[in-house]
Every structure is written in C-alpha cells, then in structure tokens.
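Student: I'd like to walk through this one with you, a bit at a time. Can we look at it together?

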Amino acid sequence: MLIGFDVLVGYCGQLSLGHNAFFAIGAYSGGILAVKYNFHHPLLAMAIGIGISLILAWMIGVPSLRLKGYYLAIATLGFGLIINNIIIGMNALTGGASGLNFIPSFKMAGLTFDTDIKYYFLVWFFVALILVVTLNLVKSRFGRAFLAIQEEETFASMMRIPVARYKLFAFLYSAVCASIAGTLYAHYAGTITPDGFSFMISIHMVVMLFLGGKGTIWGGIIGAVFLKLLSESLSSFQEYEMPLWAAIFILVLIFMPRGILGTLQGAFQRFDLRTIQEGK
Amino acid sequence: MESAYLELKNVSKNFNGLLAVDRLSFSVAKGQIVSIIGPNGAGKTSVMNLITGVYPVTSGEILFQGMRLNGKEPHEVASLGISRTFQNVGLFKEITVLENVMVGLHGMVKSGVFSSMMGFPSVRQGEKEIRRKSLSALATINLGNKRNFLAANLSYGDQKLVELARAVVSVPKLLLLDEPGAGLNETEKEKLIRLILALKKEGMAILLVEHHMEMIMRISDNIVVLNFGHKIAEGCPEDISRNPDVITAYLGVDTSDAGD
C-alpha cells in the first residue's frame, strides 16, 4: 500500500488523506462477497475492489488534480470520512459499526493461506509483485516526469508532459495498491470493523512514508516495518498513540526531512563525492 | 520571407483589465532569429506564455506551421516541436543534471505506462537512447563531467546552459529563449551566442527575449520592440537602433515610463 502511495506523494508531490477509504473498499469487497454472497474467489473479489476504487478515485481525481496545491488532500480527506460513514450506515451489507466476521482465508491457485506463515508468504508475494512493477515504473520516463511535476508543473508541461493526466494516473495507481492491501488484510484478519479503516490509517501512511524516506519506494517498506514494530512495542500506551505519532512526525521532519533511507543515501553520496575528490 | 513557422495575428492578452499584450502581430521564419525587446513590464514574457499555452489568448490568433495554437495545452504545444527556456532558470533543482536533460526527451519515445511497468526490453532500449542523446547534449556544452550533480548545485551560468541543452535536445523546430543571457559573464555570453548561432544554422527558428542590446544587435535578423504590450517598432538591427520611438521608450523621456 505504501509503495503505491509513494508514487503519488513522493514522486508526484500530491498528498492524499483518504487512502484509508481505498483500503476499506478493498477489504469490504473481499469481506462482503465472501461472507454475504458465499463468493469464494478472493482474487476476483480483489479485482472487484480494485474496480470500485478506480471508479471512485477517478471521480475525485479528475476535478481536484486539475488544480495545483493541496486540493487533493482536502477532497480525499472528505472522501475518507464519507466512505467510513457509508460503511457504518450500510448495516445489512457491512455489519455496521460491529463489522463483518468470519471472513474465510485467502485462496489462490488451489492453495489455502490459512496459517500465519502461509499468509506471510502470500503478502510478500504481492508486495514483491507491486514492488517490481513500481520500481520499473519510477525508473522509466514516467518516474522522471513525476519528479518534474512535483517540482514545477509549468516547466514539466513544456517538456511535453501532460501534467493533469499523469497526476491522475499516480492517484489511481496508489488507490489500486491500497485496495489490494485491503482485500489481503480482510482475509487475514477474518474480522473487519469501520474502526480499522479510520482517518488515522491515512495519517499513519503519511508518517510511515516520511519516516522511511519519500520518493525512494523502498523507504515506504522501511517506514512501515519500523513504525509497526514501534507501535507494537508501545501498545501499553495506547491512549497516547495520537500524540506519539504526531511527535514522531515532527521529529522526522526536523531531523530527517528525507527519511531514514534518504538520509542514508545522502550520507553515501557525500562519502562518494569525497572519495572522488580525494582521488584526484 | 520564406515559410513563416510562427505567426502572431493581432494577439491581445487582457489580465483583469490590464492589457498586457495589445494587438501584436509578427512572424518568425525557419532559420531566423527574432528578438523581442522593450522595457520591463512591456509584455515580453507574456508573449512567450501565450505562444506556449500557459495563458489563454484573449483575442487574435497564433499559428505554428499554419496550425492554430489557441486553446492548446502547454504539453500539446510542446509536442508540435516548440521548446522554451524560462526567465529565471526553469530547471528541476532536486534531480541531477543528466535527469533534467532526459526529461527534455520525455516525448521522444512512445513507450506506454503498462510496458514501462513490466520493464519490457523495448522500454529499456528507449531509455538507453534517451540517455545516450542526453549525454551527447551535455558533452556539447562541456558539462558531461557534472552530469550527476543536482541541478541546484551548479553555478548560475551552468544552469542556464543545461536548461538550453534540455530545450534543444529534442530538436525542436521553434525555440523560445527568455533572457538566456541574464546573469552570465562575458565568456559565458560568448559561448551562448555561439550556441544560438549554431542552432540557427541547423535551421531552428528562434524567438529571443533579451536585455543585452549588444548581443541582440549581433545575432538578430529581426527585432520587435514592445512598450506597454504594444508594438512600437519592428525591423532589422540597424533600423531599430536609429528609430526615435525606440530611443524614447528606452531612455524614458516620457516620465510615465517604467524605464529599464
């Protein structure tokens, strides 16, 4: 999920605060189809979730991405809250506030992923898939175009880059990744409730990305692992979670504005440069 | 005059009541260098922004090889073979020099998003080609050894050169240069003049906005003089330097003039 998010935020410089919604759409697509309709093709359910996410992302993205600035962040913030309320409201389908239970395990290619270990491999399979695709993407001319858009849209457009279309593509792509993650999560957890897809998820994504290092793709994974470990080990302080995340975010922005990976890369580059100069 | 590449016909631009460009007409032919001069605020950069579609035209017509540019998006205008540089260096500062030039070739290959994601060999081939061309473009401005520097870390003069390289690497038909000589020292300016003349020789049409009169007089085929968005004179360098209206506008005899 964070990998796709990095394409949007780290490369295109567009901030979305509604990715919890796409995560939720993916999860509920998997959950509802399996529990309410006895539909046991999780891959197809995942595709349906992706389809719904794409349509909704397109509807938000087209108007708000034509504008420069933080319009996308505001629009998606509202969207995330709306989707959450819809999930709570549609009792019959979603189980309302108490959520959906007994979502079966993920099945794919004749395999059932019913234990943690098996699931672990399934998740990493998808992560690796998305990682390879995304790395290919950002290393191509499109990655360069995204970086150009982030810096200055006017200059980018003079390089024959259709700015609005590329921003929309990055947004759709990140929504798809979030939706895939949602379906995987639903089948793993077995139970999903609206609480699990609150606005905080979107905030967590932003913090994870900045901590790991935005615009590096790998940074998202590092940030996610790091902060997940941190929050597990600090779970006894749950009521302080919000201020804790806020504090981490502020500290990262002050001391490591390029994140863990960005800072390391910077250190290596400086080292490289020095050895080159000394070599002369 | 042979085939006009770029033609402006009675073009006006109105910014909320301020007439920035007033019924302007002129044309640029293949292999010709046309300069726009005028005091600050005369509307020179606005003309560039109108041609490239950054601002919509209020009235009049802009034609490129007979095709109307009115209402086209900047990326569409660029795709027709029009490149430009910007007044205060339009480089992307947080990526490297080489990457900057490579962005200039974004439209060269047609590889799609999907094949890029899959990393097809055709995509790699295209990337290689872009890289090779970009490196040779950097070599012509003698900046090949600084290709991995972040653009922000180059000297101002080098940044201007890289921006020029990025604009011409795609071999445009028309090149718009917005004050390419500003902030350059004498040596750098000489280098710039040589580069511009070489491009002209290759048949590129060039529209130049500049303040350095000496440079303009040396390289222009035709000069358009603007004052308050209005064309007050047009002609070859000798005529312009003797035109009384131009001298008045530049020396600011009228006290309401902004001067230069």
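Predicted model: local features only at pLDDT ≥ 70, side-chain atom pairs only at ≥ 80, totals over all residues.

Student: Which residues does Ser220(B) touch, not counting residues up to four places away in sequence?

Tutor: Ser220(B) sits in the loop between helix 8 (213–219) and strand 9 (222–227) of chain B; helices (H or I, at least four residues) and strands (E, at least two) are DSSP runs, numbered from the N terminus. Skipping residues up to four places away in sequence, Ser220(B) touches Ile33(B), Val34(B), Ser35(B) and Pro237(B).

Student: Is Ser220(B) buried or exposed?

Tutor: Count C-beta atoms, placed from the backbone: 20 or more others within 10 Å means buried, 12 or fewer means exposed, and in between is partly exposed. Ser220(B) has 21 C-beta neighbours inside 10 Å, so it counts as buried.

Student: How is chain B divided by the domain assignment?

Tutor: Domain bounds come from an automatic or database domain assignment. The centres of domain 1 and domain 2 of chain B, taken over C-alpha atoms, are 27 Å apart. Their contact takes 10 residues from domain 1 of chain B and eight residues from domain 2 of chain B. The assignment itself reads domain 1 (1–81 + 172–260) and domain 2 (95–170).

Student: Why is chain B as compact as a globular protein of that length?

Tutor: Chain B has 10 helices and 10 strands. The globule rule is 2.2 Å times the number of residues to the power 0.38, and the radius of gyration is taken over C-alpha atoms. For 260 residues the rule gives 18 Å, and chain B is as compact as a globular protein of that length because its radius of gyration is close to that, at 19 Å.

Student: Which helix of chain A gives the most to the side that touches chain B?

Tutor: The contact between the chains takes 22 residues from chain A and 29 residues from chain B. On chain A's side, helix 6 (116–139), helix 7 (141–151), helix 8 (153–158) and helix 9 each give two or more residues. With seven residues, the most comes from helix 7 of chain A.

Student: How many residues of helix 7 of chain A are buried?

Tutor: Helix 7 of chain A is mostly covered. Its buried residues include Arg141(A), Phe146(A) and Ala148(A). Out of 11 residues, the buried ones number 10.

Student: How far apart are the end C-alpha atoms of helix 9 of chain A?

Tutor: The expected span of a helix is 1.5 Å times one less than its number of residues. For the 27 residues of helix 9 of chain A that should be 39 Å, which agrees with the distance between its end C-alpha atoms, 39 Å.

Conventions:
Residues numbered from 1 in each chain as written. Chains lettered and ligands numbered in written order. Contact = placed C-beta atoms within 7 Å.
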